[in-house]
Every structure is written in structure tokens, then in C-alpha cells.
Amino acid sequence: MSRRQVVAGAVIVIGLLIGGLAWYVLGGDAPAKPTLGPATSATAAGPATADGSWRIAPGDGVYVGYRVTEVFGGDMVRKTAVGRTGSVEGTMTIVGGRVTQARVSADLRRLESDRRTRDTYIRSHGLESDRFPIATYLLTEPIVLDPPPAKGTERRVTAMGTLTLHGITRALRLELQARWDGPSIRVVGSSPLAFADFGIEPPNTSVVKVDAIGAFELALTYVPGAPGT
């Protein structure tokens, strides 16, 4: 093989590497932050009041996830990365216009983003979801709904609870939006999350560094009944 062929081959390889890195950094758009979406047309259906037992119904638009900022080239390029898992279960109890109990658990091994390399990496680094597969949020103080919920009306509430993540439990305040549509209750929300609070070392490689503070996000749909009903 001639020197010219070797040089040409090296140029092609370098070009492919640069192109691949550019695709990873610049390609794709992060999903928008969670929203309630439009109200259903069946607001007259469902129970007469929101009081009772509710369970999370898996489906489109139901997820728990993260939102972080990835930094490339020192601090030259910053990109939002979002990962979500639809493997979510949980319950909520409303009594006398108060949310008295709520619990949400998510399987982090099923987190998916727009990059499979990222999803694979955090199974053994950062979140280490292979070692700590389940994240759980538990309400620790009742949420007072004053006035009581009305069908089709959006509400903003604050949830005080604990998040168990990466084997560590910490208090976490969630800012939520909720709407009771009759046959279902839709809840979305987020909270800043400092990785150090949960013993998580943000990824920091020769290619990308992740900011020390990200966001915990959720979008849930509840239907009447206990799990399994």
C-alpha cells in the first residue's frame, strides 16, 4: 500500500469520526417538558367526585425521566438530553379533597433517549441503573385541594415527598400540574435534582460532560381503582 493510500485512508477515518461526533452532538431534538395536553371530551363521565383510590394506567404519554445538559468541546456546545421510561406504576388516594397518599415507582433499566450509546452507558455509570433499577417517589405530606377539584379544571399544586434514587432517599419537592377529566386524572411535573445528593457521579468523558444539576420529570395518567383492577 502506497503512502498516498495510507494518508487517504486516514483522512477517511478521521472524517467518519468527526461526522459521527457531529451527528451525536448536533443531531436530534430533545422532547418538550411534560404538559397536561388537551382535556378529554368525556369530562362528564367517571366518578362523581375525585375522592377514592386511583392507579397509574401505563400508556402513551406516561413516563418518569430525566432532563440534563450535556457539554461538548469544553463549554463550546451545550445540548439538552432527555431520557424516559414508560415502565411506571403507582397509586394515589384522595379523601375529602386531600391527596392523602401517593407513590410512584419507575424501572430505570428501561430509560430511553435519542441515543442508544447514552442509554447503555448510564446502565453501568452515573445512574447505574443495572445496580439500582427502581426509583420511587413517596408523598410525605397531604396535598390540600382547596377548592375541591372540578372536572376539566387545571390545578397547580406542590408535592412534598421523598425520592429514592441510586440507593439513596432524599426529600424532594415537586411542582405539579393536574387535571381531573372525569374518567382519569392527568398529572405532570418536575423538580431540579442535584446528582451529588444521590451519590451519582455525572458522566465526564473525553467526549462529553454532564452538568451537576439536572431535572426529574414525570407525566402520569391515573384511573379509578387499586392496582390489578
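Buried means under 20% relative accessible area. The model behind these views is predicted.

**View 1. Arg 67 and Glu 217 pair in a salt bridge.**

**View 2. Arg 179 forms a salt bridge with Glu 154.** The closest N and O atoms are 3.6 Å apart. This pair links distant parts of the chain, 25 residues apart: Arg 179 sits in strand β9 (residues 168–180), Glu 154 in strand β8 (residues 154–165). Arg 179 has a relative accessible area of 3%, so Arg 179 counts as buried. Glu 154 is partly exposed, at 48% relative accessibility.

**View 3. Arg 179 also meets Asp 181 in a salt bridge.** Here the N to O distance is 2.7 Å. Arg 179 and Asp 181 are both buried.

**View 4. A network of salt bridges links Glu 70, Asp 114, Arg 115 and Arg 118.** The count of salt bridges in the model comes to 13. Side chains of opposite charge can pair when their charged atoms come close.

**View 5. Ser 105 lies in strand β5 (residues 98–107).** Its relative accessible area is 14%, so Ser 105 is buried. The side chain of Ser 105 makes a polar contact with the side chain of Thr 136, at 3.2 Å. Beyond its neighbours within four places in sequence, Ser 105 is in contact with Ser 87, Val 88, Glu 89, Ile 134, Ala 135 and Thr 136.

Note on methods. Residues are numbered from 1 along each chain as its sequence is written. This is a predicted model: local features need pLDDT of at least 70, side-chain atom pairs count only at pLDDT 80 or more; totals for chains, interfaces and linings use all residues. Side-chain values use heavy atoms; hydrogens and water are left out. Helices (H or I, at least four residues) and strands (E, at least two) are DSSP runs, numbered from the N terminus. Buried means under 20% relative accessible area, exposed over 50%, partly exposed in between (1.4 Å probe, protein chains only). A polar contact is a pair of N or O atoms within 3.5 Å; within protein, one must be able to donate a hydrogen and the other to accept it, and residues adjacent in sequence count only if both atoms are side-chain atoms. Contact means heavy atoms within 4.5 Å. A salt bridge is a side-chain nitrogen of Lys or Arg within 4 Å of a carboxyl oxygen of Asp or Glu.
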